[in-house]
Amino acid sequence: MEFLMAVYLLPLIYAVFQICRTILKRRDQCCYMLDYECYKAPEERKLNSELCANIILRNKNLGLEEYKFLLKTMVSSGIGEDTYAPSNVISGRESSATLSDALSEMDDISFDTLDKLFARSGIHPSQVDILVVNVSLLSTVPSLTARIINRYKMREDVKAFNLTGMGCSASLVAIDLVQHMFKSHKNKFAVVVSTESMGPNWYCGKERNMMLSNCLFRSGGCSMLFTNNRALKHRAIMKLNCMVRTHLGSNDEAYGCCIQVEDSMGYSGFCLTKSLTKAAAIAFTENLKVLVPKILPLYELLRYVITSRFRGKARRTPGVISGLNLKTGIEHFCIHPGGKAVVEGVGKSLALSEYDIEPAKMALHRFGNTSAGGLWYVLGYMEAKKRLKKGDRILMISLGAGFKCNNCVWEVMRDLKDTNVWKDCIDSYPPKDQVNPFMEKYGWINDETLSFIRLDD
């Protein structure tokens, strides 16, 4: 009898053991964000409308039609007077950038943000166990990761990763790598540096779909500190709840809609095609199909299924989130500030209010599209406006070359109110008057009666 009881109990004990083991293992796989620091360039690198016009006029490859195109693009871009450009562009050397210029730009952003991050968090560089750097358009030897390790004299056993070519969504790719590293390494610190090399990649040709990048992209970046040490949970500002990554690289049209190429004159630049909108919509929809069931409560999903059946297939609006109320599971929406059309397009597809998309629009207005670092300027705006309260959930939405859509959800661990990089201007946002300065100063270019004018050297 005792033998039979032992036979029955052993599987039960083993099952309980495995359940407990899984629970304890998951407890060590949390990804907490302890702090982040966005980059703010010096005042002398501000790119106002007058300086922007001077840079455009320096490009002797452009004609009147190209100037008209650039003006229309700038007017509709949603970018203000206070964004920042690389030093070599400000000094008039956009067509002759050197490797030294590129490294100097990276050093300025990386070292400035890391110095402040280490000082504020109290974490010494020697405590860092994992280091991830993502810069899409610059690959050096030694790597940028090695450059940081050398500067801060980090440990010999630091796990270092250098990501390139991942586009505007690279920041979440880096964080996804960190959370996977945390699954097999307990009680560790990880640092992610997310920025872009703008100086050597300023386009000097005349192809319209390549000139767009000059109008939108600006200097910026962010350094972030993470841990999976539950003992430091009280110091965390956010916790990563889930992440979903979608990649459409197998689709030729999506692959080529956002790509680095050379034009017919040999000028290298970033080409944005008309297929970009379509690729973004498909990637976003496919991503949400996986993400939505993870973040919305069961009652909202059931309500959606029931109402969808009553509406019938004929009356359904295309799109996976049509009829879903995302605000039942999300309080804040952190949208990549890729451009005014991008922000408003995402807002419309998710049925968001002007209040919801305000942080992304204001980050675009103040700092421009800073590529992979852009999300953190948006988050900084939310924090500076004291919107983020304990328990709130933030949906972070990023789109990038590949074509990729990477989205994740953060949970706020305590009330956040640091003014961070927005300290000197948060009270003036949102601005009452958002009249574009480029139209005020250079609107005459669109005057058809002046079409006979030639802007030759």
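Predicted model: local features only at pLDDT ≥ 70, side-chain atom pairs only at ≥ 80, totals over all residues.

Me: Where do R303 and E300 lie in the fold?

Reply: Both are in helix 11 (residues 298–311). They are three residues apart, about one turn of the helix.

Me: Are R303 and E300 buried or exposed?

Reply: Buried means under 20% relative accessible area. E300 has 3%, so E300 counts as buried. R303 has 33% and is partly exposed.

Me: How many salt bridges does the structure hold?

Reply: The structure holds 23. Take E286 and K289 as another case: their closest N and O atoms are 3.2 Å apart. These two are three residues apart in helix 10 (residues 276–295), which means a separation of about one helical turn. E286 is partly exposed at 34% relative accessibility. K289 is partly exposed too, at 44%.

Me: How far apart are the closest N and O atoms of D101 and R93?

Reply: They are 2.7 Å apart, in a salt bridge. D101 is buried, with a relative accessible area of 18%. R93 is partly exposed at 31%.

Me: Now the rings. What describes a pair of aromatic rings?

Reply: Two values: the distance of the centres and the angle of the planes. A search of the whole structure finds nine aromatic pairs. One of them is F118 with Y152, at 5.4 Å centre to centre and 70° between the planes. Planes over 60 degrees apart count as edge-to-face, and this pair is edge-to-face.

Me: Why does the F118 and Y152 pair tie together parts that are apart in sequence?

Reply: Because F118 lies in helix 5 (residues 99–121) and Y152 in helix 6 (residues 144–152), the pair links parts 34 residues apart in sequence. F118 is buried, with a relative accessible area of 7%. Y152 is buried as well, at 10%.

Me: What are the ring distance and plane angle for W422 and Y429?

Reply: The ring centres are 5.5 Å apart and the planes are at 80°, so this pair is edge-to-face. Both W422 and Y429 are buried.

Me: Which charged residues lie over the face of F111 and of Y355?

Reply: R151 lies over F111, at 4.3 Å from the ring centre. R387 lies over Y355, at 3.7 Å from the ring centre.

Me: Last topic, pockets. What is the volume of the second largest pocket, and how many residues line it?

Reply: Its volume is about 410 Å³. The lining has 25 residues, and S136, L137, Q260, F270 and A401 lie nearest the centre.

Me: Which elements give two or more residues to that lining?

Reply: Helix 8 (208–216), strand 7 (258–262) and strand 8 (268–272). Strand 7 gives the largest share, three residues.

Me: How many residues of that lining are nonpolar, polar and charged?

Reply: The lining of the second largest pocket has 11 nonpolar, 12 polar and two charged residues.

Technical notes. Residues numbered from 1 in each chain as written. Heavy atoms only, no water. Phe/Tyr/Trp six-rings, centres within 6.5 Å; stacked < 30°, edge-to-face > 60°. Helix = DSSP H or I, 4+ residues; strand = E, 2+ residues; numbered from the N terminus. Buried < 20%, exposed > 50% of the residue type's maximum accessible area, 1.4 Å probe, protein only. Lys NZ or Arg CZ within 6 Å of the ring centre and 35° of its normal. Salt bridge = Lys/Arg side-chain N within 4 Å of Asp/Glu carboxyl O. 1 Å grid on protein atoms, 1.4 Å probe; cavity = no way out; pocket = protein on both sides within 12 Å on 5 of 7 lines; lining within 4 Å. Points joined across faces, edges and corners; volume = space filled by probe spheres on them. Nonpolar A, V, L, I, M, F, W, Y, C, P; charged D, E, K, R; others polar.
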